[in-house]
Amino acid sequence: MSQLDTRVPAVLLRIDRNPFHHGTLGAVRSLGRAGVEVHVVADADNSPVRRSRYVRRLHPPPRPGASDAEILAALREVAARVGRPAVLVPMDDATAIAAGRLRAELTPSYLLPDVPAGLPERVADKAELAAVCASAGLPHPTTLIPDSPQRAADDALRLGLPVVAKWSRPWLLPPGSGLRSTQLVHSPRQARELYLRTAEAGSPLLLQAYLAPGADRDWFFHGYADRSGTVRAGGPGRKQLAWPRGAGLTAVGRWTPNPEVCALAGRLVGALGYRGVLDLDFRRSGSTGRYHLLDFNPRPGAQFRLFADSAGLDVVRALHLDLTGRPLPEGEPVAGRSFVVENYAPFAALRTAPGGRELAWYAGDDRVPGWVMWALWARHVSGRLRQRLVPAVPVPAPRAATPKLSDNEKASS
């Protein structure tokens, strides 16, 4: 018998168009395996997610950059098709922020955590995070917000190169722009050029002191803050491999006990009154040993399935249990368990894992998404290689038309 209330469906919502978002597949499988009816509101036409046996129905998502009114209209259409109240699970920052804003309008059709108004937007905004950390007493890298191209160049020098450049609201970055939410800047010129793209990015540019990576320095914490504010499920993990290297998502992570990271997460939740799923990123300073909070994502992190405990509880199941009034089972942490994203770390996926391991795409009870992922990934990589290796063919300038000579001009020549 399932621990979850299988009478209550779940609706996963994602606006981000990334076809390789393995966190969505993880949520589909986690809830589907427990017998919950899972609906996916996302662009899954070219994604392995659509081939999961645990997806009950796919629904068209709002467009990227959709307004709150558009998101509300789309969710009301989904609610009419589902036919009964459902647990809403936002899977990206944009939808988590919208759900927080629209909670009153969505509540008749959806079950949502009682998070303070505006808090998801505040913690997800990189410019606001420094103030959030200050209020909770958490270390945070020195962050400057330049107000001109020259100031950006000066601030980069003031912080000491290299510096980390971030866009305050990365969910507003336009698709296809080539702008990355986070990147290293190695010169004042780079900082100046990035600042000049502020209007295109849709939010302010931040320059942040760089904390050098190293062994045992990159950590993350996933958890669920229940209605009482107690942090349940999840745990601390160590990032063993990132993609792209140095400043990317977790390609290989390991569940590793860390009381200090757990205490920092609990302090932050208590100071803010946060409720719901959270995903935090920390980096430990090599000089001071202190853990600095780098990011606060108010939704499940893509690797949340790393933290499935001995009772099978993860943060998405905790959300469903808590919102449907069911008790959360008491399980034991599975320290040493690892999580591998096969397309970003294929060799790690082949190695033995004495502490246990979960793959992002392949699963014995749901094999097709893993097979589809490799076909799509091969096409993706070959397309990127063609773009890099095939030089652009210069288009010759049009020739000027040769003027026709009149009969008199022909005769004179």
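Arg56 is exposed, with a relative accessible area of 54%, where exposed stands for over 50%, buried for under 20%, and partly exposed for what lies in between (1.4 Å probe, protein chains only). The model is predicted, so local features need pLDDT of at least 70 and side-chain atom pairs count only at pLDDT 80 or more, while totals for chains, interfaces and linings use all residues. Residues are numbered from 1 along each chain as its sequence is written, and side-chain values use heavy atoms, with hydrogens and water left out.

The partner of Arg56 is Glu37, and the two form a salt bridge (a side-chain nitrogen of Lys or Arg within 4 Å of a carboxyl oxygen of Asp or Glu), with the closest N and O atoms 3.0 Å apart. This pair joins distant parts of the chain, 19 residues apart, since Glu37 sits in the loop between helix H1 (22-33) and strand E2 (38-41), and Arg56 in strand E3 (residues 55-59); helices (H or I, at least four residues) and strands (E, at least two) are DSSP runs, numbered from the N terminus. Glu37 counts as buried, at 13% relative accessibility.

A second salt bridge connects Lys126 with Asp295, whose closest N and O atoms are 2.6 Å apart. Here too distant parts of the chain are linked, Lys126 in helix H6 (residues 126-136) and Asp295 in strand E14 (residues 291-297), 169 residues apart. Lys126 is buried at 10% relative accessibility, and Asp295 is buried at 14%.

Within helix H7 (residues 149-159), Asp155 and Arg151 lie four residues apart, about one turn of the helix, and their side chains meet in a salt bridge of 3.2 Å, N to O.
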